[in-house]
Amino acid sequence: MSEGRSGPWVLYALIAANVVMFGVELVSGASLTAASPQVIIELGGSYPPLTLHGEWWRLGSSMFLHFGIVHLAMNMLCLYQVRAVEPAFGHVGFLVIYVLAGLGGGIASLIANPGNVVAAGASGAVLGAYGAFGVKLVLHRHQFEPEAWQRTMRRLVTFLVLNAAIGLAVRGISISAHIGGLLVGVAVGAGLLAGAGPAQARTRRALALAVVGLALTAVGLLTIKAAPDMTPVLHHFDTVERTVFPKWQAALDRKKEGQLTDAEYIAFIDHELIAPYRELREELGATTDIPARLRPLFDSMRELVAARLASWDALKAVRAEHDPTRRAELLGAYKRASAEVSERVKAETAEVEALKTK
């Protein structure tokens with residue numbers, strides 16, 4: 001078995017595969033600029049509660065999914081710029097570098113974020129290609145003209161420094177996946193360059209490294225412990241927030257039109273407003289082992305639920321009072337409290353929405 005020194009067709013095939021999968025994302029409901037975590041999960045994104053509980057294939061499929069056109073374009077542009085790696089290591093060698101670096105980046109991301117974080121992207125694989133190229137520059141420096149070597153090395157170091165800076169500054173980028181992919185690329189690149197030999201020997205070495213890399217990936221998947229899945233609780237919260245208010249607005253309209261009596265309206269408040277949030281309060285209170293990243297989110301959700309219940313309990317008390325004097329007093333108290341609760345609800349809602357995107 002041998003391989004020629006033709007153009008980097010494996011790299012072009014990988015770019016095409018990433019572009020095709022982005023098209024699948026668009027068909028599945030993602031927008032051009034963003035893809036929801038749910039769409040990414042459905043198409044094979046890496047999600048610890050799933051990836052670490054049998055759906056190991058997500059570690060590979062997630063390498064071909066991206067959160068929007070900018071994410072895809074940046075990764076593919078960076079990959080294209082390092083196309084010299086494929087001729088340097090051979091087609092099989094380059095493919096092994098790419099795949100193992102992507103898997104290594106995925107493992108690093110799982111170690112750093114074992115909770116409810118959806119991961120996708122080719123960044124780890126791309127950084128692995130740059131890592132292997134760096135090894136080539138260091139170990140085979142004699143093959144390059146001094147000025148060309150210095151210029152290329154400066155560009156490589158500048159790229160890695162900028163990548164690290166962006167990864168630390170921009171929310172949502174998994175710097176652990178970048179570092180993991182880079183280190184795996186360095187290791188595999190060094191292994192491929194160990195010794196010298198014909199293309200057949202390089203291919204055998206690449207396949208041997210692939211076996212070792214896949215075995216280590218399997219060990220990682222079996223040993224990393226996933227944090228508890230908080231998705232059901234978060235989904236329940238979103239469902240209650242999304243469905244209760246349209247019902248309340250419809251009931252208010254019916255009350256104004258005289259279609260609901262006070263007694264019926266009180267019953268509605270009790271069963272359709274208060275009851276769902278009491279259930280949600282109990283569920284949030286009973287939820288334990290919350291990942292550290294999600295604890296502020298759960299604190300805000302509990303505060304928001306408490307504010308909703310305080311508001312509707314006060315409203316129920318007003319509606320249940322028949323004495324005009326006492327009802328006027330309760331209504332005044334309710335309006336003052338409602339104004340305070342409204343501001344608190346607004347603040348907590350904003351906090352919840354902000355934290356859910358981190």
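Accessible areas come from the Shrake-Rupley method with a 1.4 Å probe, and for residues only the protein chains shown count as cover. The model is predicted, so local features need pLDDT of at least 70 and side-chain atom pairs count only at pLDDT 80 or more, while totals for chains, interfaces and linings use all residues. Residues are numbered from 1 along each chain as its sequence is written, and side-chain values use heavy atoms, with hydrogens and water left out.

**View 1. The whole protein.** The accessible surface comes to about 18300 Å², and 64% of that belongs to carbon and sulfur atoms. The protein has 15 helices and zero strands; these are DSSP runs numbered from the N terminus, helices being H or I with at least four residues and strands E with at least two.

**View 2. Helices H1 and H5.** Helix H1 (residues 9–27) packs with helix H5 (residues 69–81) at an angle of about 175°, their axes 10 Å apart. Axes are lines fitted to C-alpha atoms, for helices over the stretch in contact, and angles run from 0 to 180 degrees between N-to-C directions. The two helices are therefore roughly antiparallel to each other, a term for angles over 145 degrees. Residues of H1 that meet H5 include Tyr 12 and Phe 22, and those of H5 include Met 76 and Tyr 80; contact means heavy atoms within 4.5 Å. By class, this contact has ten nonpolar, one polar and no charged residues. Ala, Val, Leu, Ile, Met, Phe, Trp, Tyr, Cys and Pro count as nonpolar, Asp, Glu, Lys and Arg as charged, and the others, Gly among them, as polar.

**View 3. Helices H7 and H10.** H7 and helix H10 (residues 175–193) pack at an angle of about 145°, with axes 7 Å apart. H7 passes H10 in a right-handed crossing, meaning that the near helix is turned clockwise from the far one by less than a right angle (left-handed if anticlockwise). Among the residues making the contact are Gly 104, Gly 105 and Ser 109 of H7, and Gly 180 and Gly 181 of H10. The contact divides into ten nonpolar, eight polar and no charged residues.

**View 4. Ser 109.** Ser 109 is found in helix H7 (residues 91–112). Ser 109 counts as buried because its relative accessibility is 9%. Leaving aside neighbours within four places in sequence, Ser 109 is in contact with Ala 119, Ser 174, Ser 176 and Ala 177.

Conventions:
Buried < 20%, exposed > 50% of the residue type's maximum accessible area, 1.4 Å probe, protein only. Parallel < 35°, antiparallel > 145°, perpendicular 65-115°, else oblique.
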